[in-house]
Structure formats: structure tokens, C-alpha cells
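Reader: Please walk me through the model shown here. Keep it brisk.

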Amino acid sequence: MSEESPSAEVSPHSNAVSGETSMDKSKRYDRGIRVWGAHGQEALEAAKVCLLNAGPTGTEALKNLVLGGIHSFTIVDGAKVTPPDLGNNYLLTADGLGMPRAQCAAECLKELNESVSGSYVEETPRSLMTSSPEFFKPFTLVIATQLGETDAVTIDGICRQHGVKLVLLRSYGLLGYVRPSVPEMCVTESKPDNKVDDLRLSNPWPELAAHAAALDLSATQEHVHSHVPYALLLLKATKHWQEEHGGKLPSSYPERTAFKDLVNSWQRHVDGIPLDEENFTEAISNAHKVWAPPSVSSELQAVLDDPCAASITQQSPDFWVLVAALRRFIEQEGDGQLPLEGSIPDMHASTQQYLDLQRIYRAKADVDAAAVQAHTRALLEAAGRDPSAIPLPDIKHFCKHARSLRLVRCRSLEEETGPGSCRGSALRQALGQEDTAANAALYVLLRAADRFHQTYQRYPGTFDGEVEEDAALLKSQANALLAECGAAGGTVGGGGGVSDDLAAELCRCAAGELHVVAAVVGAVAAQEAIKIMTGQFVPLGGCLIYNAMACTTSVFAF
Amino acid sequence: MGRDKTLSSGTAPPDTLHTAGSSQDVLAWPWAATGEELKQRVQDVKVLAVGAGGIGCELLKTLVMSGFKHIEVVDLDTIETSNLNRQFLFRKRHVGKSKALVAAEAVKQMRPDIDITAYQGNVNESRFDVDFFRRFDCVLNGLDNLEARRHINRLCLAAEVPLVESGTAGYLGQVSVHIKGRTECFECQPKPTSKTFPVCTLRNTPDKPIHCVVWAKEMLFPLLFGAPEASDLHEAPPAGSGIDAAAVTRNIADDPSCYQRAEGESSTHFAERMFRHLYCTKINELRNMEDLWRSRRPPQALDLDALRMPAYGDGGDQPAAIEAGVPATASSACKELGLSDAHSVWNDQQNAAVFLRAVALFLDGRSHELGSAQFDKDDLLAVELVTAAANLRATCFGISRQSLFETKGMAGNIIHAIATTNAIVSGLIVVEAMKLLARSFASCQTSFLQVSGSKRLVSRMSAPEPSAACMVCSTAQARLVLNANKMSLQQLVDKVLKGRLALIAPSLWCGTFSYEEGEGLEEDEITRNRKLLLLPLAQLPGGGVVHNSILHVDDQEQCFKAQLIITHREDWDDEQHPEGFYLGGDLPPALTEPSVEAAISETASPNEDVVSLTSDDDGVAAEAAARPVAKRKAIEGNTDSSKRPRT
């Protein structure tokens, strides 16, 4: 927070101490650390968050971040506490009536976690954005709630200019909207659900090939034979197969069956009956790893091919330097392969054989990481930076996760909503598909409702008697919007454009903040904020629509 | 998905909305009742929230903010520091107090006009009976354990009250709706049971870190500080469990008295004696059993004198901090030893130092707990001891060591639990509750919350219909495979009826034999029961419970009635089936041919593919950590039944 910032500190709770001990903190944050690790927690504890508007939606989102242990928060809200606030915002009580809403919410939120400091600004977000856009510069992340489209575009522009991350969210009756807006997020730890084993069975490096060759299966004693790790069995079988088939791998179904039969034929027999050795069973069920090794995913290829990795300058972020080094490795030492990750899966094996094999994979991973390091140093030097600016542990960490690198780029709100730049065809497509049609239409109607508000200074459906008239007006706004961004002709309700029914439903819901919707979207937004602040997991690349009427969600990148 | 239909029907004129029956069912929930009608129902109904933890706190808040006025809440637990990252109704000053009471008070402050009753208690208690449940219009679960979930499911079925069930783990979550006769009950889909390890592996041939952690937590800890009978470290292995049971018994059976402190023995001396006993004497005994090490690396004993930390000096001096007068009630050995990073893996010296110091601290500072102490994942000193003890054992067996943080997660079966997931799930629970109140049953759904949605974050399916084969909500028969000559009635009651089927006060009968538990038994009935419990099933009165017997089971305290068809297997192998039985809706296919032995082990884990999110709240759930019994095939007796370490 800059010196001249107009925010006021919230006085600490009467019995609050200067901070919790590290022991208390590790207890308090234990369950979170199990999800995002100690380094993720550190990132959270350094994060400064700004909340725009302290309605139920905003305070729900911020509550979850305060519990998670961010460094500090600042609430910007120009309203005073009124009786309707007490109905839907659990933080506010009758004692606070007439007081600044920002102050009351900040005081209550601070009580949730004494390690988090809080402050507030009693001013509307719009006036603060206009008068001092610089105000937002010191923050890590802004959570902007209940803003209409115009204000949303403004705060997005300010955040992008200052390199501040942004999550927009809204509850609108039974409709929820969450939209992360980060120009670029490079995710090293995307934490995919399924781990891929990279065993190099068909293209072993010399040390691995020699290790497999050194083992003479027929000469081993029985208990050694039944404890040879399946990776070694498959390496031997692959080599054998390739020698007999001109270097080719089994490619057809009969060939693959024959390959499995080959492995099976190496089992020990007693009185003509195979022993059913478990390592052989594993080898056969893992044989596909020979002919279907892990490939470079399209997401990873997109990262590798990104222009940011093509030219490294002094200003290039470390991530892109490492991607450039990774590319060079793949082209040169890797011969098309990624650096080896180094870990091997569980296998039926004796302790010694398993450890020996593991050592060989780890050694290769170290060699590969060293090669990536050499490229990194060369790239840094050529860009005029200290060649050792990226330390080896960081490079190893990067190599370990190379297979699951992800890149998320959110379009700016201005691009998304601008008539010339919006993705009308994507919108039209979403409107035409059964599983996304209703939620895409709700997206359009939400934007139309903002235009309605600009025209009439109120949201549609505000007055009970005017629901039908408002619905008609809203529908015409929506159809105008569709025409403007080239998405007309989508077939919701058959007739093209947005159906009467949906428009009427949005009017019936009206624009209020229902607590149950606020709780859901506030939590979704907080979750996205945590992904963005910790740099882990993959955040939404577009907006999420939560439809509490049908209880569905859709994600759109328009 | 019927979305268009439900949405478009929203424009139907209001007077057609209230025609009874199925036409209402197709309406999306907000329009199934008029706004005023639904609002009134929300205010009038009485709901029960089970659990006031991670989900419970969010749920109670969302309920009162959504206008619910009559709420009751049950939770047994007290507040821990590690709850505060998500259970936002609690403050640091509440640590140690009842979750139910504090949560009720907190939401009452938000809405002073609500009527809320809190019970600090276990839902298994008899005061929460069917009549108690009948008073509610809807039951909302935010629980952290399978046993309680199953109990609530059965009570809700008996009381015919709809149930909304939920669970979270990390970024994943799930919400489902259970209405008797309309949708499947919580137990229609089999749930994974907790992982058990063969005692022999734990005691003699560990090969994974978890084996060492379970040994330290369940065998060593009770032996040192708890009730020794709770540990089977010193018991003989079960008969028929392995190659050379006699030799194992001879060598490994332990005199429990050697784990007791001698008269006048200092705590430091006792700790050192235990170290030498566990990591030298016992390891060498094991090492001498050559049969065990034909295909394994034999364990290496540790030398205490070589592992003393420099600070200890040579004569067993204590670290400076201890000399400086840190009181013996200090709660942490790590603190004294300066090992503050829970994520680092200690070396052998550090493990030895923590072990010695933790044992001594426990004896000196917590003598009142001796003889009854129980392991608790939130008890720092206990976690330190288990970490060090498990790591030292891991070193002996060439298994990789774990950090305190990792060990705590394994020993406490800790499930990731964060605020955001709980909040989303709680919101979804209230939406489902609103649908129930709007009587929009057809729109009730099961929701799944995913980690990251490129297309959607929450996916849904319509609530499935009840399963005809469910033992809980339909009257079904199940197959119970066991060795009737070995399994005693006590084991049947404890392991099968209470352990697996989660009964509380089972009654059973088979032909003329009957057995009953529960309150109100006469003295002579209790004496008779005690004698019966010791008998193997085959020797029970009235011809015994034998092959093809039909065992009738019910539980008066729950809605539960089932018939178990007994399949007797003389060659049932405890090593392959640590639980000692197989229970399934159908006969395992291989059993139709009694001579195929190996097949039993493959079918003994019927829940292998069941992915279940049944944890939540306190972040702890044994069943969510469950994995099926490891697939193992006997190759040559049991010499080959174990594997390598993972490092």
C-alpha cells in the first residue's frame, strides 16, 4: 500500500497479538498446504488483495481468501450499511446500520484470521477508478464484484496496465458469473489428474540398455527371476523383438499379441506349468508402454511453439527462458524427447533391483537437467543477463514438470466485448449446441441487462408489474448485441437469437444478490484467485456461467 | 438433460403450476412453487444439519441467510486450530469448545430471529433415534466419516425423511440427494472400506513407508503410552498366517512387560532402552529368521551410540535447551531440538534424537495419560514420536523416510480440506434442499465438483433410482464367505456386522440359535452372550452357523434387515484376506469352483473401482484413504508375498 493511499487501517481485534507463531500458522494452514504445498502457502501469504464492493458476493469471495491466509486485503465500497444488507450479508449486523459498509465488512473479515491485515476505502469503485487508477498498482490481485460491463472493462484495463491480476464475479438473481482476467499465466505445476510414466522402453539411453543387457534371465536364480522389474523385462523383450523384425516395434494387433507371448514365454515353469510370476504379469499388462510411449500433448506443443519462447530478451520472464532452453534440449540432446522426469512407477521387484533401476533413471534425469541448464545459461548470457540467474533447483523443478506445462491467456474484457474483436462465431456456436445453449444465452442476457441498465438506469424485472414489458425490451437488447458481434442466427428456441422464455426468466429472477448464489460464485472466484496467486492448477481460460435454475455450469472463452 | 424443457416451462401461467403429481416434477426448482410459497416453506420447515465442521459451518450460514428458521445441528467434535483455515464460524478463542454449540451461537447472531438447537453428541447415540429424525422435513449431511454417513442414511430411510449428502476432498466435491423409494440410497453403491495391512507385513516384513507409519501409530504407540491390549505388536501372529508361524511366534512374540518402565528407571533411560530393544534387539531377532530374507534384503539394526546428535555429547548429556530448564511439560521434541521445518526429512541422528526426547517428554510431562493415551493427529508430540519411530524402522528395512508433514497426513488419514470447495458444496446442498421443498423431485441431482473445468466446473447427473440389490433400502441377501471353524461369533459381530455393515446393536438368528445386543438385557442373557461370543460359528447351538446357513441380521436402532448366506471355506487364508471374510451381493464367480484358490484374492476387493468422495470436513476420513487390499497371489506359500520398498 503506497503512503498516500486513501485507505484506512482497521484496528486490530482487542486481544489480537502481533501475529501467530510459525507453529500456529502451520497448524492453521495444514490442510491448505496439503493441496498447494508450502511454496503455494508462501505465495498466498505474500498476496495483497483488493475487493471492489462488499456485498454478499464480494465478502463471500474474500472470506475464503482470508481463511486461506493472504497477506492483506483492502475493501473499496462507497455504501453505508442499510437494512437490506442485513438480509443477505452475514458479516453485517444491526450495530453497523449507517456505518460505511467497507469498514464493517473489513472489521468482521479481519476477525477470521488475525495474521491477515485489512483496510478499507469508503468510495465507490467507479469514482476511485476514475480519480486514482494508480491506487490499484500495489495489489497482487483485484476481486471486482457486481460491476456492470463498462466498469468491468475499465478495471480490467487498469489491472493489465499495472500487471495486477483480476477476477471478476457477479451474482445476478439465480445467475452467477466468474471471469479470471490474466493476460498470461504460465503454469509449471498444473497437477494433472493422471501421471504419465516415461520409461524409454523402445529407445533406451546407453546406460539403461547396458543395464538390461547385463541381466541374463536364464542364469538367474528363481527368486531373482521372479523379482526382475517389469521395465527390464520389457526392455529385453523390445530389443529381442527389434533384432528379429528389422528394428521395428510391434505395430499390429497380431504382432502385439506375439510380443506379449514372447514375454510370457520367458516365465519359469515347473513340471510344464508356468509359475505365474507377478513381475511377468505386470510386464504383459504394461506392454503398451513399449509401442505407445507418452507423447508431447497439444497443450505443451502450443507452449513450445509460442512466440515468447522464440526470442529471449533481457526482459523475458524466467518461464520463457526455460521453455526456450527446453526447446533446444528437445531438438538437440533429447532427440525429440523431453528431459527424463526420473521417477519410476511401482513395480514388483526385489529391493536391490528396484533401487538399481531407479538410480539409472535418476542419473539420466540429472544429466538431462544439466543439459537444460547449459542451454539456460547460454540463453541468459546471450540476452545480457547473469548466466546463473536461474538456479539449478528451479531448472530441475521445471524439467520434472515439463510434460504438463500449461499456458492460460485470458482475453481482455475490451477484446471480449468490443464489436470488432469479440468472438461472434464462437458465441453463435455455443448458442447452437444443446449442452451450452441455455448458458450461452444467459451470458448474452447478462450483457444485455447491463445495456438495459445504461438505458433505463435500472435492471429489468425490478418492478413486479413490468416483467413482461421488460422481458421484451431485454430481448431486443440481446438481439441487438448478437447482431453487433456477428453472432445472430444462433438457434436458441428455434427462431434465432435469444428466446422469449429465457429473457422472461432473467426478468423474473431480477438482479438481486441471493445469498446461495453468492456463496457458490464467491467460492468459485476465490478458488480461481488461489490458483492464480499460487501459480498452481489451471485456472479458467474464460468466463464461467453458473445457472442455479437448472443447476448447471459452462465455461466460455469468447 | 431436459434443460430447455425445464427452462421453457417456467413461463407457464402460475395457476397451472400447482396441479399435483408429475407435471410439477418437470419444472426447474425455482418455478415449481411460486416465490411466496417457497419462501413460506423455507421459513416453516425444520431441517437437521449433521456436522458443524468444514461443510457444516458454510451450510448453517447459507441456510440462515437463505431464510431457514428452524434448524437443529449435531456434532460431537471440539474445535482444533487446524479447523480455522475453513471453519469460519470459529475463532482462535474457541479452540477446545464444542463445534455444534459455537456454530449455533454464531449463526444465531447473524439472524437473531431463528430457532436453532445444538447437540454436542455422536449421531450414533440412542437419543437420535427414528422419532428424532421424523421431526425433520429434510436432513443435510456435512460429515467426515463413513460410519456416521451410513447410520444417518438408514435412519433417514426408516423415518422417511429426504437426505442431502455431501463430501469434499481438496478441490473435489460431491452432493447427492436420497429420497426413499425415489432415488438410490447412500449405500446403494458399494463404498470402499478402509485399507488393512496383513499383520505379518507390519510386524516382520514392511516394505513401504505406510507400513512403518501404521506400525508406529497402531502397534508401538499404544504399547508405550496407551492400553497395551490395543496393540498387537507383542501378540503371536494369527494361526495359519504364514510359513513358519511357530518360528515367528517363538522369536517375535514379546513379553509386554519389557515395554513397561522399571521401578526408579529415568525417562531418558527408558527411552534409550526402548530404542535398543526396538531397533537393535528386535531387528536382530528378525534378521536371524533366514526364511524371511531369501528374497528380501534383511533388516539392519541401528546402533544408538553411533546416532547420538553432537549436542548430546558422549555421556548422553541433554541438549542445551533442555539443560537450560525448558519445562518437562514442553509439548514438542522438535522445538527443543530446533527441527522446525515440518517438510524436511530428518536424518537418522535427528530421528533418534526426536524419538528419545519425545518418549521422555511423554513420560515426564503427560504421566496422567499413561495407560490410556490414544494417537491423535493433532497431538504434536505424538506425531513427532510416530514420525521418528517410523523413520527409524524405515532405515532398518531400507525404506525411504518421510517428513513430519507427510507422516502426519498418513497417520491421521488426512484429507485435503479447503474453504472454497466446502463453500461451493454447501451452496449446492442448499439448492438441492430448496428443490426438495419446492417438491421438484425430478430435478434433484447428483453434482460433482471438479478440479479444473475447461468446459464446466460442476457436472451433474439426475439422481439415480434405487438399486434392487441394495441391502439397506431393499431386502436383499448377501453372500458371506468365511471359515466357520475359525471365525468366532465375537469376530463376526465386530468385524462383519459392526465393522463392515456398521450396525450398532445387532440381533441375529439362524435356525434355533439367536443372539441379541442392546439395552435392557437380563443378567443371565449377558452371561450367556459372553460364552457364545467365544465359540467358533460352526459350534454355536442349534447345529451351528455353517456352509449354506442363512443368518438373519437386524438392528433395532437403525433401519436394517438382511439375510447373509454363509459360504464356508476351510482353506480361507488370513494372509490374503486380512479382514478374514468376504461380503458381497453376489457370489464371487470363482467360488463356484471350490478348488480355484487364487481367484478368491482377486475378488476379495469388490470396491476396487469405486471412486468415492466421502470425506469432508474435519479433513479426516479413513475410508477416503481406502485402497483395495493389494492384489497378491500366493506363489510358494507366503515367502513371496511381499515386495520392494519405494524410495
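Author: B:Glu187 touches B:Arg150, B:Asn153, B:Arg154, B:Cys470 and B:Val472, leaving out residues up to four places away in sequence; contact means heavy atoms within 4.5 Å. This is a predicted model, where local features need pLDDT of at least 70 and side-chain atom pairs count only at pLDDT 80 or more, while totals for chains, interfaces and linings use all residues. Residues are numbered from 1 along each chain as its sequence is written, chains are lettered from A and ligands numbered from 1 in the order written, and side-chain values use heavy atoms, without hydrogens and water.

Reader: Does B:Glu187 count as buried or exposed?

Author: Buried means under 20% relative accessible area, exposed over 50%, partly exposed in between (1.4 Å probe, protein chains only). B:Glu187 has 11% relative accessibility, so the residue counts as buried.

Reader: How are H15(B) and H16(B) oriented to each other?

Author: The axes of H15 (residues 348-365) and H16 (residues 380-396) of chain B come within 8 Å and cross at roughly 140°. Angles under 35 degrees count as roughly parallel, over 145 as roughly antiparallel, 65 to 115 as roughly perpendicular and the rest as oblique. H15(B) and H16(B) are therefore oblique.

Reader: Which residues of the largest nonpolar core touch the most other members?

Author: A nonpolar core is a set of buried Ala, Val, Leu, Ile, Met, Phe, Trp, Tyr and Cys residues joined through side-chain atoms within 4.5 Å. The largest has 165 residues. Those touching the most other members are A:Ile70, A:Ile75, A:Phe136, A:Val142 and A:Ile155.

Reader: How many residues does the second, separate core have?

Author: Its members include B:Met219, B:Cys334, B:Ala353 and B:Leu392. The second core has 60 residues.

Notes: Axes fitted to C-alpha atoms, helices over the stretch in contact; angles between N-to-C directions. Helix = DSSP H or I, 4+ residues; strand = E, 2+ residues; numbered from the N terminus.
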